[in-house]
Amino acid sequence: QLVAPFRVAESPVHIECKYHMTLRLPGDPPSEAIDIIFGQVLGVHIDDAAINEDGRVDVTALKPLSRLGYMDYLAVEDIFEMLPPGSEEVQRRLMGSSGGKPE
């Protein structure tokens with residue numbers, strides 16, 4: 001809708017981006033250089049079927065692929081939350097509704 005290239009109809013998530021820059025990392029040998037492309041996100045389109053009860057993208061149902069290196073890839077199958085130590089959310093959870101005593 002916002003950029004010229006077509007989207008893949010079967011994909012449950014589409015991100016429309018405007019090209020920003022390409023960063024080329026050297027390879028050894030040089031023919032194995034890696035290009036990293038950066039863009040500005042202009043629009044995000046998510047199929048309603050990909051949204052869970054909490055209104056978040058159900059990543060475990062989508063099982064996106066991640067490139068690990070060599071010829072290895074990973075499908076996401078598990079998610080966990082890790083809050084920064086000392087954050088307000090950690091403090092709130094520690095204090096809870098027990099009158100200031102950690103839960």
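This is a predicted model: local features need pLDDT of at least 70, side-chain atom pairs count only at pLDDT 80 or more; totals for chains, interfaces and linings use all residues.
A residue is called buried when its relative accessible area is under 20%, exposed when that area is over 50%, and partly exposed in between, with a 1.4 Å probe and protein chains only.

View 1. Residues are numbered from 1 along each chain as its sequence is written, and side-chain values use heavy atoms, with hydrogens and water left out. F6 lies in the segment before β1 (13–25), and F6 counts as exposed because its relative accessible area is 83%.

**View 2. F6 and D58.** From C-alpha to C-alpha, F6 and D58 are 24 Å apart in space, while 52 residues separate them in sequence.

**View 3. The helices and strands of the chain.** The chain has two helices and four strands, where helices (H or I, at least four residues) and strands (E, at least two) are DSSP runs numbered from the N terminus. Followed along the sequence, their pattern is β-β-α-β-β-α.

**View 4. The extent of the C-alpha trace and the buried residues.** Along its principal axes, the C-alpha trace of the chain spans about 60 × 40 × 25 Å. Of the 103 residues in the chain, 8% are buried.

**View 5. Contacts along the chain.** Where contact means heavy atoms within 4.5 Å, 27% of the contacts between residues at least 6 apart in sequence join residues at least 24 apart.
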